[in-house]
Amino acid sequence: MKVFNCIFGILSIIGAIYCMFYPGLTFLNTGWIVTILLGVWGICSVIDYFAKRKKAKAEQSEAIMGTLGLVVGIAAAVISILAMFMPGIRLMFDVIILCIFSGWLVVDGISSVAMSFKVKNTGSSAWLIPLFCGILVIIGGIYGFFHLIFAAQAIGFMIGVLLSIYGVKLILSAFEKPSV
């Protein structure tokens with residue numbers, strides 16, 4: 001399993017570099033990226049469960065989540081295939097994803113601003129950092145509602161960042177010492 005983790009980690013980092021340099025194309029291919037990641041994660045989780053089952057360390061929740069990821073990955077593949085042949089469906093899904101992302105940014109920014117005032121009430125001087133970040137995120141979310149291309153680019157870049165973190169995590173897990 002360590003070899004698979006290392007290989008998938010390297011492939012994830014290569015994919016992340018592509019995603020960060022071509023965020024617009026990444027957004028357009030989000031359905032396929034999610035499908036592949038869920039499928040690979042589901043298969044690896046199920047294989048990992050059966051490998052650990054022999055050592056009595058297997059967690060059933062990990063196998064259930066892996067199976068669920070595999071099922072959702074298959075469902076995402078079906079939707080992505082349908083979207084290839086029906087451009088209206090693809091456009092609708094893309095716009096919905098962009099609006100949800102922009103709305104999420106606004107809500108997250110408001111949450112960050114609210115948290116900054118809670119930190120301010122405790123007497124800490126660190127309250128300005130979440131306030132500043134929250135205001136920036138709110139502005140980005142509002143901007144994203146009116147400029148969907150900006151939101152698509154942001155999503156594509158964030159997928160690249162998350163994919164690189166995932167790849168590094170997989171590579172590091174290959175060098176993890178087994179617990180006794």
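A residue counts as buried under 20% relative accessible area, as exposed over 50%, and as partly exposed in between. F150 has a relative accessible area of 35%, so F150 is partly exposed. The model described here is predicted.

**Overall fold**

The protein has 7 helices and 0 strands. Read along the sequence, its pattern is α-α-α-α-α-α-α. The C-alpha trace spans about 50 × 50 × 30 Å along its principal axes. Of the 180 residues, 31% are buried. Among contacts with a separation of 6 or more, 75% join residues 24 or more positions apart.

**Helices α6 and α7**

Two packed helices are described by the angle between their axes and the distance between the axes. Helix α6 covers residues 128-146, and helix α7 covers residues 148-174. Their axes come within 5 Å and cross at roughly 120 degrees. That angle makes α6 oblique to α7. On the α6 side, the contact is made by G140, Y143, G144, F145 and F146. On the α7 side, L148, F150 and A151 take part.

S102 touches some of these residues. S102 sits in helix α5, residues 87-121. Leaving aside neighbours within four places in sequence, S102 is in contact with G141, G144, F145 and A151. Is S102 buried or exposed? Its relative accessible area is 1%, so S102 is buried.

**Aromatic rings**

The structure holds 4 aromatic pairs. One of them joins Y18 and Y22, with ring centres 5.2 Å apart. The planes of Y18 and Y22 stand at 40 degrees, so this pair is tilted. Y18 is partly exposed at 40% relative accessibility. Y22 is also partly exposed, at 46%.

Another pair joins Y143 and F150, with ring centres 5.0 Å apart. Here the planes stand at 75 degrees, so the pair is edge-to-face. The cut-off for that class is over 60 degrees. Both residues also belong to the α6 and α7 contact. Y143 is partly exposed, with a relative accessible area of 41%.

A charged side chain also meets a ring. K120 lies over the face of W127, at 4.6 Å from the ring centre.

**Cysteines**

A disulfide is a covalent bond between the sulfur atoms of two cysteines. How many disulfides does a search of the whole structure find? The search finds 0. C19 is buried, with a relative accessible area of 3%. C133 is partly exposed, at 38%.

T26 lies in helix α2, residues 23-28. Which residues does T26 touch, not counting residues up to four places away in sequence? They are Y18, C19, I33, G156 and I159. T26 is buried, with a relative accessible area of 1%.

L82 is found in helix α4, residues 60-85. L82 is partly exposed, with a relative accessible area of 42%. L82 and I36 are 46 residues apart in sequence. In space, the two are 16 Å apart, C-alpha to C-alpha.

**Accessibility of selected residues**

| Residue | Relative accessible area | Class |
|---|---|---|
| T26 | 1% | buried |
| S102 | 1% | buried |
| F150 | 35% | partly exposed |
| C133 | 38% | partly exposed |
| Y143 | 41% | partly exposed |
| L82 | 42% | partly exposed |

Methods: Residues are numbered from 1 along each chain as its sequence is written. This is a predicted model: local features need pLDDT of at least 70, side-chain atom pairs count only at pLDDT 80 or more; totals for chains, interfaces and linings use all residues. Side-chain values use heavy atoms; hydrogens and water are left out. Rings of Phe, Tyr and Trp (its six-membered ring) pair if their centres lie within 6.5 Å; planes under 30 degrees apart count as stacked, over 60 as edge-to-face and the rest as tilted. Buried means under 20% relative accessible area, exposed over 50%, partly exposed in between (1.4 Å probe, protein chains only). A charge sits over a ring if NZ of Lys or CZ of Arg is within 6 Å of the ring centre and within 35 degrees of the ring normal. A disulfide is a pair of cysteine sulfur atoms within 2.5 Å. Axes are lines fitted to C-alpha atoms, for helices over the stretch in contact, and angles run from 0 to 180 degrees between N-to-C directions. Helices (H or I, at least four residues) and strands (E, at least two) are DSSP runs, numbered from the N terminus. Angles under 35 degrees count as roughly parallel, over 145 as roughly antiparallel, 65 to 115 as roughly perpendicular and the rest as oblique. Contact means heavy atoms within 4.5 Å.
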